[in-house]
Amino acid sequence: MDKLLIRGGRRLQGEVTISGAKNAALPDLCATLLSAEPVTLHNVPRLKDVGTTLKLLGNMGVVHEADAADASTITLDAGQVHTPEAPYELVKTMRASILVLGPLLARFGKARVSLPGGCAIGSRPVDQHIKGLQAMGAQIMVAHGYIEASTPLGNDGQPTRLKGARITTDMVTVTGTENLLMAATLAEGETVLENAAQEPEIVDLANLLIAMGAQIEGQGTHRIRIQGVDRLHGLSGTQAHHIIPDRIETGTFLCAVGAAGGDVTLRRTDADQLEAVIDKLREAGVSLDIGPDWIRVQGKGRPKAVGFRTKEHPGFPTDMQAQFMALNSVAEGTAVIQENIFENRFMHVNELIRLGAKVNVDGHTAVVTGVPQLSGAIVMATDLRASASLVIAGLVAEGETVVDRIYHLDRGYDRMEEKLRGIGADIERVKEA
């Protein structure tokens, strides 16, 4: 099992190129199931979760090929899908696998998808996905750990299409919105998604589907309207879809420079996707200059402690809570952090305390009192964003920090240690026999 060895105390200097967004790439990959023609995606990040998704799609019969000159360009061909099923062995490692349910049901009229199982950061129920698909006419049974879904058979004995419906989810759900959005593109008539998630990744998925021939409006708002079409076509050449930059990777590097100090320019990013985080960083005293596709971040001295509450987009993202807590750990003053999205998303706290952080947790609230210096130690990653927070803490800690179980990190960060080493961090991957 790989570990990261970090020798802290070095300022960061130089440039970092931001990769494509994990949370856009995964639904985009699943969306290729909706067409029998090849779809080419640019700016696909090199992540463990992307590899798992490609393996899952390949198990169904989807063929993929990476561009020989650019590994971030992948063409997928779902013309010969033979097994509309997502087995537990693949789904258990990545909850986003549920995103194949909507596309399979819409195009083939049947799907068998394993329930995702447990999640380290808390419950993420799929009942809203099921409720929405049932409103569109799907027949769904949950048995033996699987979602068995189908559409009624027509007079010709073939599965009928899903039917458009007005769907209001009980809560804002990103993957639920994505699943229902994809399913609705091939349904008969109009579908209206109320209480829809508004994240940039939803907009990216909608833009991909529109390029494939879908009729969608309202993406990025709480109400999305979809007029179903008979088929979606492929994309290639100049029409290929370019995945948006990863706003969470961007925010993670911004926090790293704010905590460790230095002067770094992030390239191929989009500050408009991260307004709440940028506002909080400026409040913390971090200097930010912003261009059309770049952000220059300068950390000068200790930051100021800044409190926040996580909320659905456009609020402060839960995926940035742990990284900002690491920054607050070495800030001047005390900050109150309230986690409103996931019930177990403070599991990194005990590991930060091992490094010398002062954090008290009461339910969904954490009080962080900044200290002048953290001290290196062996720590264990518990989930993806917790991993990033421990790396940031290690960058500022005195002595050596070892971050164990970094397979979590590899799920969502494209060669993080290489990028950090490129801007002056003393960090290396240690492989165990």
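A residue is called buried when its relative accessible area is under 20%, exposed when it is over 50%, and partly exposed in between (1.4 Å probe, protein chains only). The structure is a predicted model, in which local features need pLDDT of at least 70 and side-chain atom pairs count only at pLDDT 80 or more, while totals for chains, interfaces and linings use all residues. Residues are numbered from 1 along each chain as its sequence is written, and side-chain values use heavy atoms, with hydrogens and water left out.

A search of the whole structure finds 26 salt bridges, each being a side-chain nitrogen of Lys or Arg within 4 Å of a carboxyl oxygen of Asp or Glu. Among them are the following pairs.

| Pair | N to O distance |
|---|---|
| Arg 10 and Asp 426 | 4.0 Å |
| Lys 419 and Glu 249 | 2.7 Å |
| Arg 385 and Asp 319 | 3.9 Å |

Both Arg 385 and Asp 319 are buried, and Lys 419 and Glu 249 are buried as well. By contrast, Arg 10 is partly exposed, with a relative accessible area of 44%, and Asp 426 is partly exposed at 23%.

Glu 178 is buried yet has no salt bridge, and Arg 247, the nearest side chain of opposite charge, is 8.6 Å away; here Lys and Arg count as positive and Asp and Glu as negative, whereas His and the chain ends are not counted. Leaving aside neighbours within four places in sequence, Glu 178 is in contact with residues including Asn 23, Pro 27 and Glu 201, contact meaning heavy atoms within 4.5 Å.
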